[in-house]
Amino acid sequence: MFFFFVKDKPKPVEYRIVYDFKEDICLEYGYKYMFTPISKKDSCFSPYIRKISKVNGNKYEGMSLPHDTNSNWTMFGKNLVLTIDDSYDFEQTRRMFELLKHYNITATFFPNTIFINPNNQEHIKLWRDIYASGHEIGYHTTDHTRKKSVVELNTDFISFTQRFREILDDNNFSIKVVRAPYGYFDKVWMQWVKENNLFNVRWSMTESEDSNYLRKLYSENRGVVLLLHNKRSDVELLENNIDEYISIAKENGGKMGSIYDSLTK
Ligand SMILES: [Zn+2]
């Protein structure tokens with residue numbers, strides 16, 4: 001007869017949920033929370049550490065991407081990419097941000113810096129809140145005009161980036177995703193994109209298409225990139241349709257989010 005004396009296995013680390021993600025301020029503010037174990041000694045403390053993940057061009061380091069969505073529309077898998085262009089209407093930009101916050105959904109914003117007043121604290125606060133909430137900011141030119149040369153684009157891109165570094169008070173802010181104003185993806189634009197190793201993002205759906213069109217895009221296995229603008233009618237359109245968009249994405253095994261959040265990694 002043998003007796004085995006086995007040392008007690010270490011007990012698994014205890015986790016304790018203090019906050020219910022769905023019910024408390026976590027949802028209201030749209031923050032992402034990271035799970036961390038706590039010792040019994042520290043059990044009076046919340047096991048969550050607030051984790052706000054800011055997204056900018058640096059996040060794309062090490063990812064292999066084509067220079068244009070046209071090369072491979074399947075890179076977003078079944079996700080519904082939400083992109084929101086222009087920023088000439090401050091109130092509607094803020095409404096759009098509040099709507100996304102309510103649904104805890106990220107988007108990629110393509111603003112123009114001439115519409116952001118660095119002396120207006122409300123403007124500064126909104127863009128800092130957008131950035132701090134995990135939304136992405138892409139290049140759409142400083143002034144929403146078509147540039148005629150690569151040199152002109154380079155100069156404008158540098159000044160756009162610099163302006164946003166000041167607005168966001170973040171010297172590490174950088175940009176990977178770009179979209180030409182009016183969708184002028186001409187030779188100059190594409191050459192500049194390639195030379196600077198940027199990522200040109202087109203769209204496959206706008207405010208003119210309905211949810212049947214969205215289902216069609218999914219059934220044809222084409223990438224879904226929704227283009228909206230920061231204008232009243234688009235904010236209202238999203239308000240009225242966001243539940244359906246989210247559920248169609250979900251039915252297909254995807255979710256709705258920014259370009260960065262939608263790339264299958
Ligand atoms: Zn635009």
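**Exercise 1.** Classify aspartate 86 as buried or exposed, and find its place in the chain.

*Solution.* Aspartate 86 has 20 other C-beta atoms within 10 Å and is therefore buried. The cut-offs are these: a residue is buried if 20 or more other C-beta atoms lie within 10 Å of its own, exposed if 12 or fewer, and partly exposed in between, with C-beta atoms placed from the backbone. The model is a predicted one, in which local features need pLDDT of at least 70 and side-chain atom pairs count only at pLDDT 80 or more, while totals for chains, interfaces and linings use all residues. Residues are numbered from 1 along each chain as its sequence is written. Next, the location: aspartate 86 sits in the loop between strand E3 (80-85) and helix H2 (90-103). Helices (H or I, at least four residues) and strands (E, at least two) are DSSP runs, numbered from the N terminus. Last, the backbone: phi of aspartate 86 is near 70°, a positive value in a residue other than glycine. Most residues other than glycine have a negative phi.

**Exercise 2.** Describe how helices H6 and H7 pack.

*Solution.* Start with the axes, which are lines fitted to C-alpha atoms, for helices over the stretch in contact, with angles from 0 to 180 degrees between N-to-C directions. Those of H6 (residues 211-219) and H7 (residues 232-251) come within 11 Å and cross at roughly 15°. H6 and H7 are therefore roughly parallel to each other, the term for angles under 35 degrees. Then list the contacts, counted where C-beta atoms, placed from the backbone, lie within 7 Å. Ser211, Leu214, Arg215 and Tyr218 in H6 meet Asn241, Glu244, Tyr245 and Ile248 in H7.

**Exercise 3.** Which residues does valine 224 touch, not counting residues up to four places away in sequence?

*Solution.* Valine 224 touches Phe76, Leu80, Val81, Ser204, Met205, Leu214, Leu217 and Tyr218. Leu214 and Tyr218 are also among the H6 residues that meet H7. Val224 belongs to the largest nonpolar core, of 48 residues, and is one of five, with Leu80, Val81, Leu82 and Leu226, that touch the most other members. Such a core is a set of buried Ala, Val, Leu, Ile, Met, Phe, Trp, Tyr and Cys residues joined through C-beta atoms within 7 Å.

Note on methods:
Angles under 35 degrees count as roughly parallel, over 145 as roughly antiparallel, 65 to 115 as roughly perpendicular and the rest as oblique. Two residues are in contact if their C-beta atoms, placed from the backbone, lie within 7 Å.
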